[in-house]
Amino acid sequence: MPSLFILIPLLVVIAINMPMHRFMKRVAFWFAVALFITQISYSLSHHPAFWANNGLGELDSFFRMKFSMDQMSFIMLLCIGIVSLASLAVSRYTIYDDGARFKFINLLILGSIGMCGVVMTNDMFSLYVFLEITAVVSFILIAFQRDACGLEGAFKYLILSSVATIMILSATAILLLVSRDTSFESIRAALAGGKADWLVASAIAMFLCGLFIKAGLVPFHGWLPDAYTSAPAPVAILLAGIITKVAGVYTLIRVTISVFGMTPPIQNILLAVGALSVLTGAFAAIGQKDFKRM
């Protein structure tokens with residue numbers, strides 16, 4: 001059941017923070033390893049009994065967690081598991097303090113909950129909630145070492161991400177007014193009916209701009225080099241490897257295909273922003289002397 005990708009990591013976080021704190025600090029790493037290996041295994045499994053979109057019965061209905069899965073979702077869940085496991089392995093050899101490593105493991109699991117929710121949800125408001133969970137974890141991880149560079153990088157991301165949050169939430173509110181629901185299917189049907197064209201166009205533009213910021217695309221890329229450079233190695237792996245891809249690029253692909261539709265104006269915007277990001281990134285990298293920043 002797809003809902004278990006949210007509930008099991010949440011239970012793991014609760015378990016490793018139980019009163020037996022000293023003992024749990026020692027085994028938390030292996031709990032996390034088992035969790036991500038299990039996630040990778042089930043991402044490769046297409047057994048209909050597990051992947052059926054039937055949730056968890058009454059509990060699922062109470063939390064309103066309805067998810068939809070396709071091939072792209074399977075690939076992204078697999079990538080989340082692999083990159084999280086790699087980040088966890090690197091943390092064992094780069095974060096030497098047991099307390100700091102324990103905090104990192106907690107944040108890593110919470111980040112995976114947010115990313116799995118983004119990948120599996122089929123509701124705009126739920127998508128916003130899971131994006132914010134991922135963003136909050138990212139702020140803390142960037143400033144994990146509490147040095148000046150890390151705090152500066154986290155602050156830049158916080159400011160720009162707050163702008164993205166306002167845009168995405170405002171766009172979701174407008175789309176709710178137009179479609180009277182926040183599910184992908186309802187919004188797509190309302191847009192196909194041509195309701196409130198100028199209002200819809202402004203909502204789509206705000207939503208896309210918010211995702212451009214999350215993905216670090218030009219001209220909203222100012223936070224990204226500082227965040228990558230100042231973050232410790234396990235965090236840089238997580239940020240560059242999967243977080244910006246899930247919160248930005250994947251979500252951009254998902255809402256464009258499943259909700260807004262690949263219309264000619266959206267195609268032109270994506271082509272222009274993509275080409276500008278490629279060229280700006282390549283030319284800006286030429287003059288860099290820091291490997292991570294490059």
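**Aromatic contacts and the main pocket**

Phe 260 has a relative accessible area of 7% and is therefore buried (under 20% relative accessible area with a 1.4 Å probe, protein chains only). The model is predicted, so local features need pLDDT of at least 70 and side-chain atom pairs pLDDT 80 or more, while totals for chains, interfaces and linings use all residues. Residues are numbered from 1 along each chain, and side-chain values use heavy atoms, without hydrogens and water.

The whole structure holds seven aromatic pairs (Phe, Tyr or six-membered Trp ring centres within 6.5 Å; edge-to-face means planes over 60 degrees apart). One of them, Phe 104 with Phe 144, is edge-to-face, at 6.1 Å centre to centre and 75° between the planes. Phe 104 sits in helix α6 (residues 98-120) and Phe 144 in the loop between α7 and α8, 40 residues apart; helices are DSSP runs of H or I with at least four residues, numbered from the N terminus. Both Phe 104 and Phe 144 are buried. Phe 207 and Phe 260 also pair edge-to-face, at 5.8 Å and 80°. Because Phe 207 belongs to α10 and Phe 260 to α12, this pair ties together parts 53 residues apart in sequence.

The largest pocket contains about 510 Å³ of space (an open set of points on a 1 Å grid over the protein atoms alone, with protein on both sides within 12 Å along at least five of seven lines; lining residues have an atom within 4 Å of a point; the volume is that of probe spheres set on the points). Helix α13 gives the most to its lining, five residues.

Conventions:
On a 1 Å grid over the protein atoms alone, a cavity is a set of points where a 1.4 Å probe fits but cannot get out, and a pocket is an open set with protein on both sides within 12 Å along at least five of seven lines; lining residues have an atom within 4 Å of a point. Helices (H or I, at least four residues) and strands (E, at least two) are DSSP runs, numbered from the N terminus. Rings of Phe, Tyr and Trp (its six-membered ring) pair if their centres lie within 6.5 Å; planes under 30 degrees apart count as stacked, over 60 as edge-to-face and the rest as tilted. Buried means under 20% relative accessible area, exposed over 50%, partly exposed in between (1.4 Å probe, protein chains only).
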